[in-house]
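This report covers the contacts, surface, helices and salt bridges of one protein model.

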Amino acid sequence: MSEQETTRCGVVAVLGAPNAGKSTLVNQLVGQKVAITSAKAQTTRARMMGIALHGQTQMILVDTPGIFAPKRRLDRAMVSAAWEGAEAADAVLLLVDPVKQRRHELEPLLEQVASRPERKILVLNKVDVAKKEPLLALAHELGEKVEFAEIYFVSALTGDGVPEMKQALADMMPEGPWMYPEDQVSDASERLLATEITREQLYQQLHEELPYDSAVRPEKYIQRQDGSVEIHQQIVVMRDNQRAIVLGKGGSRIKSIGEAARKELSELLGQKVHLFLHVKTDERWSDDKEMFEEMGLEWKS
């Protein structure tokens with residue numbers, strides 16, 4: 001990059017109801033995986049940040065947890081993290097799933113977004129499966145409630161419509177130096193990324209059997225002299241029967257989770273990975289301050 005060329009850099013907060021496709025969209029914008037995705041709602045817990053480039057523009061994408069009505073301490077911390085992620089943003093992107101809609105969560109979100117000073121973009125997701133007429137009607141309805149600068153129709157899964165939206169976001173960013181090196185795609189440490197990948201496998205392989213009463217804690221992250229990395233993690237569940245589910249018959253399930261996570265981590269890190277998992281039962285883990293901090297969430301008494 002020559003010094004004569006003007007660079008731009010800004011922050012885009014990605015908001016939406018749970019399971020609207022925020023993490024998938026962030027991964028599309030970055031061009032590779034930086035946030036975990038799952039068919040389960042509320043997969044994202046902490047603000048995972050992706051860094052997208054478009055020409056001379058760097059966009060810091062804050063992938064916030066889905067905003068919902070919080071009940072538990074963990075839920076409250078996740079919602080708090082979502083709104084903190086929107087602070088000081090140069091643009092707020094509201095992603096809506098037109099198929100499920102989740103009106104009970106979308107309506108309060110629209111009210112809060114409407115009063116925010118940032119430029120707001122409405123993105124209707126899943127155009128690959130949504131019907132055109134209801135989609136246009138929904139865009140008109142939401143546009144009446146909030147003053148959106150732009151409205152886009154995309155498929156976060158296939159990438160349809162994403163390049164045009166990315167160009168518009170880039171044009172909104174203020175002039176200024178880049179905040180991160182050109183080859184950096186996320187602010188998440190490799191240690192945290194490794195726990196997120198394992199957690200994603202937990203959800204994918206046990207989505208029907210394991211509720212949200214689970215977490216993955218990093219224990220050791222050791223760079224070996226042979227160029228490989230040794231990773232030790234603890235899977236924490238609330239009840240003994242959940243521990244049995246994670247382990248599987250003869251340890252078959254945890255072996256499958258470990259193999260899939262290890263394969264993906266090796267590809268992401270570009271090095272051989274030795275992954276060691278063990279399962280612990282702790283019915284009070286969601287009241288553990290240290291656990292919250294490990295997940296990047298703020299502890300509030």
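## Contacts and fold

Among the contacts with a separation of 6 or more, 73% are between residues 24 or more positions apart; a contact means heavy atoms within 4.5 Å. The model is predicted: local features need pLDDT of at least 70, side-chain atom pairs count only at pLDDT 80 or more, and totals for chains, interfaces and linings use all residues. Residues are numbered from 1 along each chain as its sequence is written, and side-chain values use heavy atoms, with hydrogens and water left out.

The protein has 9 helices and 9 strands. These are DSSP runs numbered from the N terminus, with helices being H or I of at least four residues and strands E of at least two.

## Burial and surface

Of 301 residues, 53% are buried. Buried stands for under 20% relative accessible area, exposed for over 50%, and partly exposed for values in between (1.4 Å probe, protein chains only). The accessible surface is about 14200 Å², and carbon and sulfur atoms hold 48% of it; areas come from the Shrake-Rupley method with a 1.4 Å probe, and for residues only the protein chains shown count as cover.

L136, I151 and F153 make a nonpolar surface patch of about 230 Å². Patch residues have over 30% relative accessible area and no salt bridge; like charges are joined within 9 Å, and nonpolar side chains (Val, Leu, Ile, Met, Phe, Trp, Tyr) within 5 Å. F153 belongs to strand 6 (residues 150–153) and is partly exposed, because its relative accessibility is 31%.

## Helix 6

R199 and E196 form a salt bridge (3.0 Å, N to O). Both lie in helix 6, 3 residues apart, about one turn of the helix, and both are buried.

## Salt bridges

The structure contains 6 salt bridges, each a side-chain nitrogen of Lys or Arg within 4 Å of a carboxyl oxygen of Asp or Glu. One of them pairs K145 with E107, with the closest N and O atoms 3.0 Å apart. K145 is in helix 4 (residues 132–145) and E107 in helix 3 (residues 103–114), so this pair ties together parts 38 residues apart in sequence.

K145 also meets E141 in a salt bridge (3.3 Å, N to O); both lie in helix 4, 4 residues apart. Relative accessible area is 38% for K145 and 23% for E107, while E141 is partly exposed at 27%.
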